[in-house]
Each structure stands twice: as C-alpha cells, then as structure tokens.
Amino acid sequence: MNKKFTAVRLTCAFLIAFIITVAIIFSISEEPMTAISNLFLGPLQSKRYFFQVFASAVPIIFTGLALGLVFKSGNFSMIADASLYTGGVVAAAIAILLPMPMIIHPIFIFIAAAIIGGVIGSIPAILKVKFKANELVTSLMFNYVFFYIGIYIVNTFFVDRQAGTFASLKYSPTATLGNMISGTPLHFGFVIAVAVVIFLYILLYKTKFGYEIRISGSNPEFAKYSGINTSKVIILTQVIAGAVAGLGGAVEQLGMYQRFNWQDSPSYAWDGVIIAILSGNNPKFVPFAAFFLAYIRVGADLMSRRSDVQNELVSIVQAVLILFITAERFMAGWKQRQEAKKALKEEA
Amino acid sequence: MEILNDIWAALSVPDFYFAMFRSATPVLLTTLGAMVASRSGTNNIALEGTMLIASLVGVVVSAFTQSALIGFLGAVFSGFVISNILAYFVLKLKSNAVISGIAINTFASGGTIFVLYLITGEKGASTSLHSLKLPSINIPVIQDIPVIGTILSGHHILTYVAIILVAVIWYMFKYTKLGMHIRAVGESPDAAESVGISVKKVKYIALVISGILTGMAGAFLSMGYVGLFSSGMTAGRGYIALATQAIAAGNAVVGMFASLIFGFCSSLANYLQSSGIPLQFIQLMPYLIIIVVYTCYCAMVEKNKMKRQLNQKKGETHVK
C-alpha cells in the first residue's frame, strides 16, 4: 500500500509540475510548441546533447550524494556549496601552479580537493557539537565566507589579466580529464561519480557506521541510548559529505573547463537538495534523480536558445517538485479513501 | 597598524553611523519577521526568497503604476502571498518547513530572473524600468543637532518604520493576547491546544506577519537607496536574519542590536574599500563576524544550561 501510495504521489507531483510548466510556456511564449518540444525532447535530438545530459548530471550527483548523506543523519547543513566551490578553486590552483605527470596530476588534485572539502564540511558540524550552533545557520553564512576566499585566491595567485572577464590561467593539460566518448562533453568524471555512488551505498547500507548514521537520523533518542556516539556521527557524516562535494567541484573543473571562471557560486548544492529528496536520500537512486534534473536542464538550455522562453523556468519546476514531493499530507485524502475502500471490501 | 588607523578614521565620521543604520534596516525588518515565525515554532528559511521576490515586485509595480506607495504595497502583498504558500505546505500539507523554504528560495532565485527577463528583456538588473523610490525623512529639531542630526535624521522612511516595529513587536510579545498565544504555541503546542488555542491558526498568523515584514525588507532593498532590482540582490540577508534572530532569542530590542552588528560590519566594509585590505576580505567580514557572534551566543547559552543543571543536581542531593 505504502509503495503504491508513494508512486501515485510522485506521479501526481510530476504531473502538477508538468502542467504548471506547460501553462507558463503557453501564457508567455509566442512559439509555445517550439519551446515545449525543445524542453522535453531536445536532449534526444543528437548524440552530443544526449551525452551533455550525462555530463551535466556529474556535479549534481556529487552534491545530491553529499546532501542525501547529511539529511540521512538527521542534520541540515548546506556547506556542500562551500566545499564544492573551494574544491574547484583547489583543483584550479594545483592544475595551474603545480606541474605533475599525467594521471598522477588529477589524482593528486582529487585527493587534495576532497580533503579540503571535508575540512570545510567539518566546521559547521564541530560548531554544532561543541557550541550547539545550528549547522544550517552557520553553513549558510560560511558559504559566503568561502566563496569570497575562493575569489580572493584566484584573483591573487592565478588570474589571467589578459582575459576580458574573470578567469584563471589555463589548466595544465596533464590535469584535465579526457572525454569518454569523443565529440561529446562526457568526461571520465562520470566514472568517478558512479564510483562514489557505490562507495556511499556500501558505507550507508553495508557497514556498522552506516547503520549508526541511519539510526541517528531516524531516531536520535534511541541512537543516544543505544550507545551510538552521535557527535562522532554528526561530524564524520559532514566531513564525508564535504569531501564528496569538494571532489565534485574538482571533477567538474577538470572535466568541463580549461580555466576557472566561476564568478558566482554555481547552484549545484541547491540542486543537490532536490536530488536528495527525489532519491529518498538513498545513494542508489541519486544518479537517476540527477539524470532527470540534468535532462530538464539541457532541454531548458536548448529551449532558451531556440525559443523565447528562458531556462530559469527550471527553477520554478524544481520548486514545485520539492514542495509537492515532500508534502506529507499531499494526497493523504486519496490514501484514506483507498484504504477505506479496501477495508470495506474485506468486510464484504 | 595602518589598518587600525583606517578603522579609527572610519569610526570618527558621523556618516559611518548613518550608513550603519541604513545597512541594518533590511536585516532588522527580516530579523523581526524571523523572530515572529520562530517564536511560533516555525523555522522560516524562505525569508531570503521572500525578500528577493518582494524587491522585484516593488520595482515592477512602482514602475507600472508610477506610484511608490502602490509599489511598496505590492512588495508587502507579495510577502503576504509567499508566506501563505509556505503556510499552506507547512501547516496544511505537513511539509518540512526547512525544505519548503529551500524550495521557495530556489523558486525566487530563478523565478525573479525569469520574470525580469519577460518584462525588460534583461537578466541582470531592472535599469530600463523607471521605478520609484520611497522617500527619506528629515526629523525636525533632531536634524539641526550637530553629529546626532547627521546620524539619526534623513533616513529612509522604512528605517524609521523598522525602529517603530521593534517597539511594536516587543510590545506584542510582552502584552498582547496574540503575542502570548504565539509564544505559547511555539513553546508547547500541546499545552496551547489544551487550553483552546488553535495552534494552526496562530502559526499561520505568525508566518503571515513574518512574510509581511520581509516584504518590507525587500521593498527597502529595491526602492530604498538604489532604486532598482538586480538578480540575487538580497545576498544572504535572509540567512543573516536567521542568525540575528537566534542571537536575539525572541527579544525584539536585542534583535535590533544584533542587526546593528551587521550594519556596523557592512558599513565598516564600505569605508575600508579604499584601504589596503583585499576587497574579498572586506566583503566576507560581515558574514564571518555574525558567525562568530552567533556561535559565542550559542556557547554562552549552553554553558548557562549546564550550570543550571549542575546546580539543580546539587540542590537535589541537598534535599536528600
């Protein structure tokens, strides 16, 4: 019953989001059919666009995993944003300033970015454990702090003054990730993302520590009385989440860019929220949720290039989906009626 | 040492304190909003998005009606509408308030650009719209006093409104039925329900009040000194209000001082831009200082709690 109910609810949430999207497009566009066909079918039009979806899914797989892990432990830190951005800066710094041989270069970068991402991730967690400071509040503000520090580092040590806009010097070719399928933007970062998915799935569902995380999240009182060190769980999950996000920032930089040009912090961490929710905080489902969002994103980019509807439409769709999927009582009436019907049938 | 001189130079100018009140205003209004919601037991993360939407609505409505007042009312009304949406999901459909808030913020950051582009054909700022500003006010008598006049007079009308609202909210929590109901619902919903208070209704009213106050903050941003909307212009002020609100612990007057800390930092940041400190360090300072103050506050509360528990235990052993 519950599984069926979840499926029906998800379908309804998607339907509502779909109807709202179509309604908005029809009310503002002069070429609504072009817009709609590009939004929903655009990515299927060519091999390039299709693999663009996979490439766009990579950074949000990382943030989806990071946020899912934090949510699973019952905490609510948005520090993945800072970890990801700083991970990207670290990647840029090492890719430009430290010459190294092929293969070793990106591996060294990934390790460094993950460590620094993890350190950043630990800060709100430590403030929470030590001083009871709400991790959501502190992480939201640390995001700004680390964003400005990142900009400062790029600006001071390896900015390209010849470039017209904000951009770093070019990365050493030994550092950048190769394309998996030539002629498409899909790079080997995708493999790393899948490896992290598997790692986190095993960690969460096949280890003792994963069990502790899940118990702390679902029943914190019980966790405390059964002797689980909840402080350790809080800090370690956020360190791992930060490391995953930091790694994601580095992978994205080395896979998709030749130089660092994130003038604003990318919204990947916020996208991670919807991915965590869609996947039910289960790493197994994160790639699918990320693929869905990336598909819509690529479609929306095509739509805004080829019609008069802008790609910011996606964030409206995203918000509607989050709101309806997490609404506990959404469709509760339907569930009740179904249950009543079933009960009546059994009686008869 | 040079930096200390720069800071000292900034602090000795009356205009510095004027700018402090100016920067504090939107945070103060939002802090009051966050406080009302929080005391009713709802953590309103949507403030950031609400403020952003309100600042766009204020600009657009004032540009089309050519009336600053109607623009302001439009901004406030948009705060009212957004808080109703939030209340519907949180109170009626039992959504997680934080996640719903994040949804609304996501909606606001993209949606405002989407609408701005529809109206102006641009994604960055509303420069092509002829929007209006709300007036500044000179206070008679006070404006003639040297120094104090420069600091306290000539502010934006919403700055004075915010200060009046501090008194109003303080009074509301202390002496009115509504204020007590909000506190009761926040502290113990079950107990409140048992004495016949409608928890849902009170929480709804609190959320709506917080939406309206945040709408005013949005209007201040886009119809205050700048007179235009630019994408992402709230720059985390809604999140800062969550911290200042926590520092205030439900006291509107303390909330005002906490907001002034932020105002002080961003005013100082403005004054230090010509000094040798890298721009980015100046920009991150207000956020960092609020984190430090907030964390110290939390540590203090925790310490007091421990002390009380310890004392209680001592007391118990005495009785035995």
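Author: Chain A has 14 helices and zero strands. Its pattern along the sequence is accordingly written α-α-α-α-α-α-α-α-α-α-α-α-α-α. The model is predicted.

Start with the overall dimensions. The C-alpha atoms of chain A fill a box of roughly 80 × 60 × 35 Å along the principal axes. The radius of gyration is 22 Å. A compact globule with 348 residues would have a value near 20 Å, so chain A agrees with that expectation. Contacts tell about the fold as well. Take those in chain A with a separation of 6 or more: 76% of them join residues 24 or more positions apart.

Next, burial. Of the 348 residues of chain A, 56% count as buried. The chain still exposes about 15100 Å², and carbon and sulfur atoms supply 64% of that area.

The largest nonpolar core holds 146 residues. Which members touch the most others? They are Ile61(A), Met78(A), Leu254(A), Phe260(A) and Leu313(A). Helix α3 of chain A, residues 47-72, gives the most to this core, with 14 residues. A second core is separate and has 62 residues, among them Leu28(B), Leu129(B), Met233(B) and Met256(B).

Leave out residues up to four places away in sequence. Leu313(A) then touches Thr21(A), Ile24(A), Ile25(A), Leu39(A) and Met303(A) in its own chain, and Phe114(B) in chain B.

One helix of chain A is mostly covered. This is α11, residues 268-278, where 11 of 11 residues are buried. The buried residues include Tyr268(A), Trp270(A) and Asp271(A). Gly272(A) is on the list too, as are Ile274(A), Ile275(A) and Ile277(A). Just after α11(A) comes Gly280(A), with a positive phi of about 60 degrees.

Which residues make the nonpolar patch of about 690 Å²? They are Met102(A), Ile103(A), Ile107(A), Ile111(A), Ile115(A), Ile116(A) and Val119(A). Ile111(A) sits in helix α5 of chain A, residues 104-131. Ile103(A) belongs to the loop between α4 (80-97) and α5 of chain A.

Is Ile103(A) buried or exposed? Its relative accessibility is 61%, so Ile103(A) counts as exposed, the cut-off being over 50%. Its backbone stands out as well. Most residues other than glycine have a negative phi. Ile103(A) has a positive phi, near 65 degrees.

Finally, a residue in a helix of chain B. Ser23(B) is found in α2 of chain B, residues 14-39. Its relative accessible area is 14%, which is under 20%, so Ser23(B) is buried. What is it in contact with? Beyond its neighbours within four places in sequence, Ser23(B) is in contact with Phe262(B), Gly263(B), Ser266(B) and Ser267(B).

How values were computed
Residues are numbered from 1 along each chain as its sequence is written. Chains are lettered from A and ligands numbered from 1 in the order in which they are written. This is a predicted model: local features need pLDDT of at least 70, side-chain atom pairs count only at pLDDT 80 or more; totals for chains, interfaces and linings use all residues. Side-chain values use heavy atoms; hydrogens and water are left out. A nonpolar core is a set of buried Ala, Val, Leu, Ile, Met, Phe, Trp, Tyr and Cys residues joined through side-chain atoms within 4.5 Å. Buried means under 20% relative accessible area, exposed over 50%, partly exposed in between (1.4 Å probe, protein chains only). Helices (H or I, at least four residues) and strands (E, at least two) are DSSP runs, numbered from the N terminus. Contact means heavy atoms within 4.5 Å. Patches are made of residues with over 30% relative accessible area and no salt bridge: like charges are joined within 9 Å, nonpolar side chains (Val, Leu, Ile, Met, Phe, Trp, Tyr) within 5 Å. Accessible areas come from the Shrake-Rupley method with a 1.4 Å probe; for residues, only the protein chains shown count as cover. A salt bridge is a side-chain nitrogen of Lys or Arg within 4 Å of a carboxyl oxygen of Asp or Glu. The radius of gyration is taken over C-alpha atoms; the globule rule is 2.2 Å times the number of residues to the power 0.38.
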